[in-house]
2 protein chains.
Amino acid sequence: MAFFSVPQSRTLVILSAGNLATSQSVIALLEQGAGSGDPKRDIQAVDSQFDVAGIVGAVLREVIDNDGKYVAPFGDDTASFLVGGQIRGEAPRLFQVYSAGNFVEASDRTPFLQIGETKYGKPILDRALSANSSLDQAAKLALLSFDATIRSNLSVGPPIDLLRYESDSFSLANFVTLEAQNEYWRDLRQRYSNGLVALVNDLPAPPAAS
Amino acid sequence: MAFFSVPQSRTLVILSAGNLATSQSVIALLEQGAGSGDPKRDIQAVDSQFDVAGIVGAVLREVIDNDGKYVAPFGDDTASFLVGGQIRGEAPRLFQVYSAGNFVEASDRTPFLQIGETKYGKPILDRALSANSSLDQAAKLALLSFDATIRSNLSVGPPIDLLRYESDSFSLANFVTLEAQNEYWRDLRQRYSNGLVALVNDLPAPPAAS
């Protein structure tokens with residue numbers, strides 16, 4: 001999780017997935033551009049998060065244009081990003097920047113976005129997360145979504161960066177990194193798995209014929 | 001779900017995923033071959049399920065060899081299969097036949113196999129299914145695994161064929177097809193989703209700092 005904040009006026013957070021050389025280059029170029037005033041690179045200078053997402057996409061295209069043909073023989077050079085937060089004057093917004101550099105925004109109908117290894121962790125969000133979920137409920141579901149992915153894909157693992165951002169707070173105070181041995185994380189996983197097994201045990205068995 | 005049974009001596013069941021023209025051709029060729037005595041086509045003539053899986057894989061290769069180059073311009077021609085059941089003299093066995101025609105077998109360490117759109121429905125199986133699960137518990141988990149996939153991928157849907165096969169029974173009596181409007185199916189999905197939301201509500205909130 002990379003932060004691009006200006007106290008009291010903007011809180012921007014970027015998460016990345018995909019080729020690490022590509023995503024690190026994009027973040028490094030955005031860090032170099034922050035505060036420079038360069039309209040093509042400075043995500044702290046633009047007035048809306050739509051424009052922030054546009055800059056992230058443009059920088060991603062630049063990196064892929066530069067490196068893509070050299071990386072192609074070795075594998076996939078693409079990356080994708082979640083760009084969230086708030087700029088004073090706007091509500092909090094959340095964007096997903098695709099490998100193509102274009103992007104979509106979360107809405108009441110699609111209240112969550114995912115990048116990377118997304119499928120294992122999607123059902124629990126589809127079942128239980130809505131635009132009305134509290135921040136804590138959403139945070140628990142996000143962690144359980146990661147846990148589902150971690151259990152089903154051995155190449156995914158902690159640490160997990162988690163930010164619960166409250167509208168108009170312009171504060172990163174409620175940020176936590178959960179390591180594999182974190183007591184809350186271990187307890188959450190265990191309680192959820194135990195509860196799930198008990199829940200399924202209590203469900204009636206399927207009928208023997210239609 | 002396609003059945004290839006001989007009363008009291010073998011119960012063989014095949015599930016398929018992938019290109020429908022390919023998978024239907026394979027099943028049709030296996031049906032034509034059943035009882036013919038042709039060692040390359042007759043899955044009712046061989047003495048072990050390992051050999052049954054081998055025949056399914058060989059027929060799949062034959063179909064792809066015949067059709068593949070014509071289908072390639074339009075899309076993916078591959079298919080995969082689950083081959084399960086019991087031949088008298090063997091324990092029940094379960095195989096997954098890959099698009100390449102080779103195959104793996106389920107074991108105590110990997111007590112379930114999936115084909116098709118597998119990722120959405122894998123976490124609940126990873127969490128709650130073991131080689132010691134009862135048939136009914138396994139059946140509920142399989143249905144909830146399908147439900148996760150159905151909720152997250154609109155192109156997946158009922159009807160769902162479900163067979164609970166008891167060792168040495170050589171019986172298909174406990175077979176059911178669940179349609180979208182089936183009362184048990186609707187009740188199961190609703191109870192599970194409600195229970196899941198309640199379970200997550202009861203979990204403690206994440207800490208505010210590491």
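**Where A meets B**

So, 48 residues of chain A are in contact with 48 residues of chain B, contact being heavy atoms within 4.5 Å. Quick housekeeping: this is a predicted model, with local features needing pLDDT of at least 70 and side-chain atom pairs counting only at pLDDT 80 or more, while totals for chains, interfaces and linings use all residues. Residues are numbered from 1 along each chain as its sequence is written, chains are lettered from A and ligands numbered from 1 in the order written, and side-chain values use heavy atoms, leaving out hydrogens and water.

The two chains bury about 4,300 Å² between them, 62% of it on carbon and sulfur atoms; that's accessible area (1.4 Å probe) lost on putting the two parts together, summed over both. On the chain A side, A:Lys119, A:Arg127 and A:Pro206 lose the most area to chain B, together 17% of what that side buries.

How many salt bridges does the rule find across this interface? Four, taking a side-chain nitrogen of Lys or Arg within 4 Å of a carboxyl oxygen of Asp or Glu. One of them pairs A:Arg127 with B:Asp147, closest N and O atoms 2.7 Å apart.

Which elements of chain A give two or more residues to the side touching chain B? Helix 3 (122-128), helix 4 (135-152), strand 7 (175-178) and helix 5 (183-202), with helices (H or I, at least four residues) and strands (E, at least two) being DSSP runs numbered from the N terminus. Helix 5 of chain A gives the most, 12 residues.
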